[in-house]
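Please look over the sequence and the model below before reading on. The notes that follow go through a few places in the chain, grouped by topic.

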Amino acid sequence: MKMKIYRLSLLFATVFLFLCGARAQQDVLMSQYMHNQFAINPAFAGSREGLTAFASFRKQWMGVDNSPRSILFTTHTPLRTNSVAIGLSVVNQSILETGITAAQATIAYRIDVGSNGNTLAFGIQPGMKMVKTDWTNMKVYDFDKQDDVFAENESFINPTVGVGISLYGDNYFLGVSTQSLMVSDEFNKEAEFAPGDATYYATAGVEFELGEVMTLQPSIMVQHTKRYGNDIDFTLTPGWNRMLYVELGYRTTGVMLGGISFRPPKASQLNVSYTYERTTGDFSGYNSGSHEISISYDFVYRVKNVGPRFF
C-alpha cells in the first residue's frame with residue numbers, strides 16, 4: 001500500500017481529537033452549560049418558569065482546518081399544569097469531513113419539594129441523529145492517483161434517547177443525565193441500547209450573596225464514559241447586580257477558559273454570553289483558542305430572583 005500524505009493541518013486536527021479530550025463529539029460540547037442546563041439534561045425543561053429560547057455557536061481550535069464547529073438551538077417551557085414541561089433541542093456539528101445533525105423532543109415531570117421553590121424533575125428526550133461523512137472533500141495526495149476509498153459519501157440515521165434527573169431551587173442546582181442511551185461509533189453504524197457505554201453528565205452549582213450587589217457562583221460539570229473516565233469542568237462566576245457576570249474556569253483535559261455574560265438592566269429576560277478557551281500544554285501553539293457565544297431570551301418571565309440554575 002502506497003504511503004499517502006495528508007494536509008498537515010488535518011493531521012493536527014486529528015491529533016487534537018484524541019489528545020485534547022474531544023472524544024464525545026457526537027454529544028453537545030459546550031462550556032456555557034450553566035446558561036443552558038437543558039442542553040445536557042432534559043430534566044431542566046421548564047426550569048426558568050417560562051418559555052425560553054437559547055441559541056449558541058461554538059468554534060474550536062481556531063487556525064486548524066476543519067476543526068469542530070457546532071450550532072445549538074433549544075427551547076423549553078412548563079405547561080399550564082406546571083408539573084409537566086416540554087422542550088426541543090436541535091444541534092448541528094461538523095468535524096473534519098463529518099457532519100452531525102440531531103433533533104430531540106423533551107417531556108419532563110416536575111414535583112414541588114417543600115415550600116421554598118425546590119423542584120425535583122425527571123426528563124426523557126427521544127430523537128434522531130443523522131451522521132454524514134463526505135469523503136470526496138478529503139484532500140488525499142498519492143503518488144499516482146486518488147484512493148477509491150475517498151471517492152464516495154457515507155451517511156446513516158440513528159435513534160437517540162436521553163434521560164435526566166434534576167433538583168433545583170432559587171440558589172442551587174443538581175443534575176445527572178445522558179444525551180443518549182443509544183450508542184454508536186464510526187465502526188458500528190447501527191445504534192445499540194448500551195447504557196454502560198453512554199456518556200453521562202453530572203452538574204452542580206450554588207450561589208452565594210456577597211453583600212447587596214455581589215454574588216459568587218461556583219459550579220462543576222463531570223463528564224463520564226466507561227472507556228475514558230472523567231473529564232471535569234470547574235467554573236467560578238462572580239456577578240455584579242445580577243447584570244454582569246465574569247466566568248473563570250478550568251477543564252481537566254488541559255483547557256483554561258474565561259467568559260463574560262450580560263443581562264441588560266431594562267431587559268433582564270435577555271442574556272448574552274461569550275467564552276474563550278485556551279488549550280494548555282504541548283499543543284497550545286497549534287491553534288489560537290476556541291470561541292463560544294450564546295444568546296437567550298425568556299418570553300414569559302415569572303421568576304423574580306434569578307438563581308444559579310439560570311447561569
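Leaving aside its neighbours within four places in sequence, which residues is Ser273 in contact with? The contacts of Ser273 are Gln32, His35, Ile260, Ser261, Glu292, Ile293 and Ser294. The model is a predicted one.

- Ser273 is part of strand 18, which runs over residues 270–279.
- The relative accessible area of Ser273 is 1%, and because buried means under 20%, Ser273 counts as buried.
- Ser261, one of the residues that Ser273 contacts, is 12 residues away from Ser273 in sequence, and the two C-alpha atoms are 4.2 Å apart in space.
- The side chains of Ser273 and Ser261 are also joined by a polar contact of 2.7 Å.

- Thr106 belongs to strand 5, residues 98–113.
- With a relative accessibility of 6%, Thr106 is buried.
- Not counting residues up to four places away in sequence, Thr106 touches Phe38, Pro42, Ala45, Ala85, Ile86, Gly87, Ile124 and Gln125.
- With Gln125, the side chain of Thr106 makes a polar contact of 2.8 Å.

**Aromatic rings**

- There are three aromatic pairs in the structure.
- In one of them, the ring centres of Phe44 and Phe173 are 6.4 Å apart and the ring planes stand at 80°, so this pair is edge-to-face.
- This pair links distant parts of the chain, since its two residues are 129 residues apart.
- Phe44 sits in the loop between helix 1 (8–19) and strand 2 (52–59), while Phe173 sits in strand 9 (residues 172–178).
- Phe44 is buried at a relative accessible area of 0%, and Phe173 is likewise buried, at 0%.
- Another pair is formed by Tyr297 and Phe299: their ring centres are 5.0 Å apart and the planes are at 65°, so the arrangement is edge-to-face.
- Tyr297 is partly exposed, its relative accessible area being 31%.
- Phe299 has a relative accessibility of 53% and counts as exposed, because the term applies over 50%.
- Phe44 and Phe173 also belong to an aromatic cluster, which they form together with Tyr168.

**Asparagines with positive phi**

- Asn82 is not a glycine, yet its phi is positive, at about 70°.
- The position of Asn82 is in the loop between strand 3 (69–78) and strand 4 (84–95).
- Asn82 counts as partly exposed, with 31% relative accessibility.
- Asn241, also a residue other than glycine, has a positive phi near 60°.
- The loop that holds Asn241 lies between strand 15 (229–240) and strand 16 (244–251).
- Asn241 has a relative accessible area of 41% and is partly exposed.

Methods. Residues numbered from 1 in each chain as written. Heavy atoms only, no water. Phe/Tyr/Trp six-rings, centres within 6.5 Å; stacked < 30°, edge-to-face > 60°. Helix = DSSP H or I, 4+ residues; strand = E, 2+ residues; numbered from the N terminus. Buried < 20%, exposed > 50% of the residue type's maximum accessible area, 1.4 Å probe, protein only. Polar contact = N/O pair within 3.5 Å; in protein donor to acceptor, adjacent residues only side chain to side chain. Contact = heavy atoms within 4.5 Å.
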